[in-house]
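Dear colleague,

My notes on it follow directly after.

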Amino acid sequence: MSIESPDGLAAERVDHRFKGLPPDAEGLTVGELAAQRRNLFTGGFTTPVLALSAERLEHNLRLMETYAERHGLAFAPHGKTTMAPQLFQRQVEHGAWGITLAVPHQVRVARAFGFGRVFLANELVDPAALGWIAAELAADPDFRLVCYVDSVRGVQLMDAALRGTPRPVDVVVELAAGEGARTGVRTEAECAAVAEAVAATGTLRLVGVAGYEGEVPQATPERVHAWLRRLVALAVDLDKAGRFGRTEEIVVSAGGSAWFDAVAEVFAEIPALSRPVLKLLRSGAYVSHDDGHYRKLTPFNRVPEEGALEPAFRLWTQVVSRPAPDQAFVNAGKRDAAYDLDLPFAQVVRRDGTERPATGVSVTALSDQHAWLRTTEEADLEVGDWVGLGLSHPCTSFDKWQLIPVAEADGTVVEYIRTFF
């Protein structure tokens, strides 16, 4: 397998594939364009253009590194949020144990850039994907992959696909977050049966338990804590039953971006087991945070003494029509902005190099390539103005942009983040 370096992405040529970049940068490498340190507002960038704040990105990386260290947690941030190897690398540099991913294609991206630890937070029963993973494990003794199992049938399918491979695949039993939740084993008795099925194979090795507390139905702090304690109790019971006899450490993993404070609290209660415990947190949306969904749900709202994440995204658009005193349109829509959880938020207006709050401006709807704005009498908005929009839900913001400028507070673009969705 040839391994790319995240830094090697600087050799990629700028062309028509990448929205918002200066037309006169055509043919430059990304590294050459970055070296020019163009200004986002005066350097030829075209609207719409999505930008990340350099300062806020670094703040968020440092904050979660410190948080994980403070609470004795290993950290495998969910890479599906960004699918950006450059950001994976920065997360590892900020102490991450590895990267969490969701589907085989994402694992292939991580492996193409040499990442050696992957937590696959999903069931994997596809024979072709399992064959590829087995080959990766055979070729690289330092590669570690852990993935979910949630049924005896799934274990049987994995075993059939992996027979004859030299290294077993590490698996964790996924405990469902409750009745009607997403994937995962519903009862402890069924978990025991899945663990027994794994033990009967030579192709799989049970190394722990995991789940996603974000799926707890009608989640409250009490219900989330109760489910996390079930997860810990499951690890204790399987350990007592001798199901972790073939591993050097026991993995206990949970943690989305809405309840990681509860994960930290309950994982601090994990008793001594027969082997060291890897307490693995998987929150991913923290890198960019947002101005909507996660701004409302972040655990730092409950524990403000531990710090605060900062929204790092801003989508810059331009007013292209002002057909009525109470209406305007900017040139970004569903193809550019996340809209699955909340509409974008009008935050600032730029005119003639001056930026001011978008007073009296709100987004009411999105078309494919336009945002509908409602304007009040307070709004000072003209055709040609740039409007900066805040976004909700990082996972469906990153996936609309293949190359994202990272800009300092004065607009100087210092790097470009490449995504692989």
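The largest pocket in this predicted model is lined by 29 residues, and Lys-80, Arg-182, Tyr-212, Gly-256 and Tyr-294 are the ones nearest its centre. A pocket here is an open set of points on a 1 Å grid over the protein atoms alone, where a 1.4 Å probe fits and protein lies on both sides within 12 Å along at least five of seven lines; lining residues have an atom within 4 Å of a point. The space in the largest pocket is about 580 Å³, a volume being the space filled by probe spheres set on the points, which are joined across faces, edges and corners. Its lining comprises eleven nonpolar, twelve polar and six charged residues, where Ala, Val, Leu, Ile, Met, Phe, Trp, Tyr, Cys and Pro count as nonpolar, Asp, Glu, Lys and Arg as charged, and the others, Gly among them, as polar. Helix H10 gives the largest share of this lining, three residues. Helices (H or I, at least four residues) and strands (E, at least two) are DSSP runs, numbered from the N terminus.

The second largest pocket holds about 360 Å³ of space. Its lining has 21 residues, with Ser-53, Arg-314, Trp-316, Glu-408 and Ala-409 closest to the centre. That lining divides into ten nonpolar, three polar and eight charged residues.

As to the fold, eight strands form an open sheet with parallel pairing, in the order S2-S9-S8-S7-S6-S5-S4-S3; two strands pair if DSSP finds at least two bridges between them. Strands S2 (74-75) and S3 (99-101) are at the edges and have a single partner strand each, so one side of each lacks a neighbour in the sheet. Five bridges join S8 (residues 250-254) to S9 (residues 277-281) in the parallel sense.

Beyond its neighbours within four places in sequence, Phe-267 is in contact (heavy atoms within 4.5 Å) with residues including Leu-228, Val-252 and Leu-280.

Residues are numbered from 1 along each chain as its sequence is written, and side-chain values use heavy atoms, with hydrogens and water left out. Local features need pLDDT of at least 70 and side-chain atom pairs count only at pLDDT 80 or more, whereas totals for chains, interfaces and linings use all residues.

With kind regards
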